[in-house]
Amino acid sequence: MAFSRRNFLKGAAAGSAAAACAAATTTPAEARENLTMPPKAVGLLYDSTICVGCKACVVACRDANDTHPEFSTEEKLWDNPLDISGKTITVIKMYSEGTGQHKDQEKDGFAFMKRSCLHCVDPSCVSVCPVTAMTKDPVTGIVSHEPADCIGCRYCIVACPFAVPQFEFDKAFPKLLKCQLCKHRQAEGKIPACAEVCPTGATLFGPVTALKEEADRRLAVPAGKPNTFARKTVGSPDVHEHPNAAYVQHAYGTTEMGGTQMLLLSGVPFEKMGYPKLRERSYASEAETIQEGIYHDLIAPVALFAGLLYVARKNTKNHDEEE
Ligand code: SF4
Ligand code: SF4
Ligand code: SF4
């Protein structure tokens, strides 16, 4: 059952008293399976082994999404975000171990890793959002956030297994920031900015089915053998040549949490690169199964959220007055 912010406020006001009485209502739980990927889903393939750490993608993302530089040194000499934040949608992080000499090696090696929203096939952030400010496009599968609908409850921050949604915690009325797969650029016939500028094709855009095939192709080539890597869009004739790396034999995102639309390849184990081992069943499918078993037609959650009503209304009123 979907609620807009308006319906949420109206429904919570009208239904809270009745809902309190209905909180004990129970119905048999029917297990909900993981959602499946839309057939025309698009996404990114990030291949750590051909990333050179230039961070052109980080700069292009700022430019495309109008975010401001973030400094991590007192001198404020250059844009150097340490992680994604309320100001930064994507970062390239670095792994280093021992002497840090050998690219894409776990021991005495170093490697780069992209961090941004993975556009989950069955996203927890969408599942927990009480006002459908977080949505998943039924055609492209892009997970988006609509600021005008957001009541600032921050459930999505808690629910995301990858700690992706970020708020501007230094603002009185913070906005949430996350990758929307440059859907505004796609609407103009362009590809995501990070894929557009990547000089090596380490960040590659395309249909998820084709990206997965490309990931499987790379995983099947023996380490050290010459290989070609398309730039910008999967299948592009503009290719970059490079010896194949010794990959971890798994494309991260093909199974985790029911799958994601950004897939990752790496020479260093993913858990050392900030991507934990996760099961195949999505949190959303499990949580909604339990919820269905406890509550009937979301009446009790309305009671649960009724306490938010006062805060939401107050925020909305104050915010509207400011505009
Ligand atoms: S632009 Fe490409 S090569 Fe450069 S840091 Fe980003 S992903 Fe890596
Ligand atoms: S990575 Fe987090 S924010 Fe992105 S779709 Fe998945 S649950 Fe939502
Ligand atoms: S797809 Fe767009 S918003 Fe997402 S990380 Fe790339 S440039 Fe940034």
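Around ligand 1, the shell residues split into ten nonpolar, three polar and one charged. Here Ala, Val, Leu, Ile, Met, Phe, Trp, Tyr, Cys and Pro count as nonpolar, Asp, Glu, Lys and Arg as charged, and the others, Gly among them, as polar. A residue is near a molecule if one of its heavy atoms lies within 4 Å of it. Ligand 2 has a shell too, with eleven nonpolar, two polar and one charged residues. The table puts the two side by side.

| Ligand | Residues around it | Nearest residues |
|---|---|---|
| Ligand 1 | 14 residues | Cys51, Cys54, Lys55, Cys57 and Cys198 |
| Ligand 2 | 14 residues | Cys117, Cys120, Cys125, Cys160 and Phe162 |

A quick word on what you're looking at: this is a predicted model, where local features need pLDDT of at least 70 and side-chain atom pairs count only at pLDDT 80 or more, while totals for chains, interfaces and linings use all residues. Residues are numbered from 1 along each chain as its sequence is written, chains are lettered from A and ligands numbered from 1 in the order in which they are written, and side-chain values use heavy atoms, with hydrogens and water left out.

Now zoom in on cysteine 198, one of the residues that come nearest to ligand 1. Cysteine 198 sits in the loop between α6 and β9 (203-207); helices (H or I, at least four residues) and strands (E, at least two) are DSSP runs, numbered from the N terminus. Cysteine 198 counts as buried because its relative accessibility is 11%, and buried means under 20% relative accessible area (1.4 Å probe, protein chains only). Skip its neighbours within four places in sequence, and cysteine 198 is in contact (heavy atoms within 4.5 Å) with Thr203 and Arg231. Although 140 residues separate cysteine 198 from valine 58 in sequence, their C-alphas are 9.9 Å apart in space.

Valine 58 brings us to α2, whose buried residues are Cys57, Val58, Ala60, Cys61 and Arg62. Their cover includes β2 (91-96) and α6. Just after α2, aspartate 66 has a positive phi of about 55°.

Of the 14 residues lining the largest cavity, Cys61, Ile89, Cys179, Cys182 and Cys194 are closest to its centre. A cavity is a set of points on a 1 Å grid over the protein atoms alone where a 1.4 Å probe fits but cannot get out, and lining residues have an atom within 4 Å of a point.

Next, the nonpolar cores: sets of buried Ala, Val, Leu, Ile, Met, Phe, Trp, Tyr and Cys residues joined through side-chain atoms within 4.5 Å. The largest has 54 residues, and Tyr46, Phe162, Tyr252, Leu264 and Tyr275 have the most contacts inside it. A second, separate core of ten residues includes Cys125, Val131, Met134 and Leu176.

Phenylalanine 270 is in the loop between β12 (262-265) and α8 (283-294), and its 4% relative accessibility is why phenylalanine 270 counts as buried.

Key
1 Å grid on protein atoms, 1.4 Å probe; cavity = no way out; pocket = protein on both sides within 12 Å on 5 of 7 lines; lining within 4 Å. Buried < 20%, exposed > 50% of the residue type's maximum accessible area, 1.4 Å probe, protein only.
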